[in-house]
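Hello,

Here is the structure we talked about handing over. Please open it alongside this note; my findings follow below.

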Amino acid sequence: MKFFLSVCCLVITFISCNQNDKSYNQNHSKMVYGAPQATVTKNHDNGSQTGPLAYAPNVPKLQDGDTIEVKIDVVHKLFTVKNGVSFTGWLFGDSLPGPVLRVRVGQTVKFSMTDRSNDSSMMSMGIGGHMLQPMPHSIDFHAAMVNPEDKYRSVSPGETIHFMWTANYPGVFMYHCGTPMVLLHMISGMYGMVIVDPKEGFPGAVDKEIAIVQNEYYLKQQGNSYIPDTSLAMKKQPNFMAFNGKVGQYIIRPIHMKTGERVRLYFLNVGPNNISSFHIIGTILDKVWFDGNPANQFTGMQAVLVGPAQGAIMEFILPEKGKYTFVDHSFANAEMGAAGVFAAD
């Protein structure tokens with residue numbers, strides 16, 4: 001009898017592995033690797049930001065079609081971190097973090113980006129005697145599978161880069177500037193989120209969707225404003241932490257939802273250095289997909305550990321009316337600003 005059961009277990013395991021291998025091979029046979037060579041144009045492209053984009057905590061809707069056009073430009077502008085703390089941000093789009101991009105597995109992104117750091121309106125601005133100097137920039141999509149030397153090359157001020165990439169895996173991914181010194185560009189605000197839905201959509205229905213990006217600031221005062229400090233970043237000593245760019249904004253203005261509704265949170269830790277331990281006081285994260293991929297599911301979690309350049313999708317319910325503080329449970333980070341409030345109405 002024991003021998004028979006052992007044989008049955010082996011057969012079941014073999015069949016299961018064989019089916020998994022077939023599924024793996026079928027999925028990979030549909031993937032798109034690489035893309036046509038990128039092009040760089042010298043003319044200043046004055047087109048506006050386009051594509052399935054939204055600024056967090058808002059989540060954009062998917063666009064139909066096999067190919068979607070996306071344009072996100074780079075600007076240099078004053079950004080306020082909190083009252084009394086502003087610095088010259090190098091930004092994708094018009095804010096920090098950059099806009100959330102949402103696509104579906106199998107969709108091809110026809111992307112373009114203009115480096116607008118030499119715009120006359122920017123050049124005329126001065127912050128504490130520090131001019132907003134034009135600078136080369138680039139963009140690196142973690143959701144793409146392409147040649148980085150080609151697609152992620154730096155472009156000079158006034159130039160526009162055009163390239164394509166296809167989404168192969170579902171999840172929550174990061175994009176950021178990859179121009180050296182990468183650390184400087186990242187602590188200056190050059191990052192954002194990409195959500196890739198499975199081809200058939202994420203499993204299960206939800207009532208509300210929210211996007212949160214956690215980041216660190218390494219700033220030193222210069223006159224009446226601040227500037228990024230790479231020496232602090234090299235020592236991994238941030239002086240501020242934030243959700244969606246601004247310190248403590250969701251303590252002052254909580255994110256509202258209805259009691260008992262199912263919420264899907266798209267979370268990304270852009271770092272660049274610290275691990276986040278995301279926790280909501282008063283509830284359980286009853287479904288968690290690490291890196292936002294439904295294949296990586298955990299249930300009933302009190303906190304989710306997310307390293308730099310990693311994401312997660314978390315689902316939860318606020319059980320009764322009240323205010324539920326969410327924090328990075330590495331409490332030094334929370335004390336520096338990684339805290340907010342969900343208000344259940």
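E209 and R102 form a salt bridge, with their closest N and O atoms 3.1 Å apart. The pair links distant parts of the chain. E209 sits in strand 14 (residues 208–217) and R102 in strand 6, 107 residues apart. The two ends differ in cover. R102 is buried, at a relative accessible area of 6%. E209 is partly exposed, at 23%.

Before going further, a word on confidence. This is a predicted model. Mean pLDDT for the protein is 90, and 87% of residues reach 70 or more. Where pLDDT is low, the predicted coordinates should not be read in detail.

Now the overall picture. The protein has seven helices and 26 strands. It holds 345 residues, and buried ones make up 51% of them. Take the contacts between residues at least 6 apart in sequence: 73% of these join residues at least 24 apart. The accessible surface comes to about 15,700 Å². Carbon and sulfur atoms account for 55% of that surface.

The largest nonpolar core has 31 residues. Which of them touch the most other members? F92, F111, F141, F163, W165 and V194 do.

Leaving out residues up to four places away in sequence, F141 touches L101, F111, Y152, F163, W165, M174, Y175 and V194. Another core lies apart from the largest one. This other core has 30 residues, including V75, Y191, V247 and L268.

Back to the charges. A search of the whole structure finds 12 salt bridges. Side chains of opposite charge can pair when their charged atoms come close. D73 and K71 are one example, with a salt bridge of 2.8 Å, N to O. Both D73 and K71 are buried.

D286 and R262 give another salt bridge, with the closest N and O atoms 2.9 Å apart. D286 lies in the loop between strand 20 (276–280) and strand 21 (287–290), and R262 in strand 19 (residues 262–271), so the pair ties together parts that are 24 residues apart in sequence. D286 is partly exposed, with a relative accessible area of 29%. R262 is partly exposed too, at 22%. The pair also belongs to something wider. R262, R264, D286, K287 and E315 are linked in a network of salt bridges.

Last, the outside. Y33, M145 and Y169 form a nonpolar patch on the surface. Together they have about 290 Å² of accessible area. M145 lies in the loop between strand 10 (140–141) and helix 3 (148–151). Is M145 buried, exposed or in between? M145 is partly exposed, with a relative accessible area of 33%.

Best wishes

Notes:
Residues numbered from 1 in each chain as written. Predicted model: local features only at pLDDT ≥ 70, side-chain atom pairs only at ≥ 80, totals over all residues. Heavy atoms only, no water. pLDDT = per-residue confidence, 0-100. Core = buried A, V, L, I, M, F, W, Y, C linked by side-chain atoms within 4.5 Å. Buried < 20%, exposed > 50% of the residue type's maximum accessible area, 1.4 Å probe, protein only. Contact = heavy atoms within 4.5 Å. Patch = residues over 30% accessible without salt bridge, like charges linked within 9 Å, V, L, I, M, F, W, Y side chains within 5 Å. Areas by Shrake-Rupley, 256 points an atom, 1.4 Å probe, with all protein chains shown as cover. Salt bridge = Lys/Arg side-chain N within 4 Å of Asp/Glu carboxyl O. Helix = DSSP H or I, 4+ residues; strand = E, 2+ residues; numbered from the N terminus.
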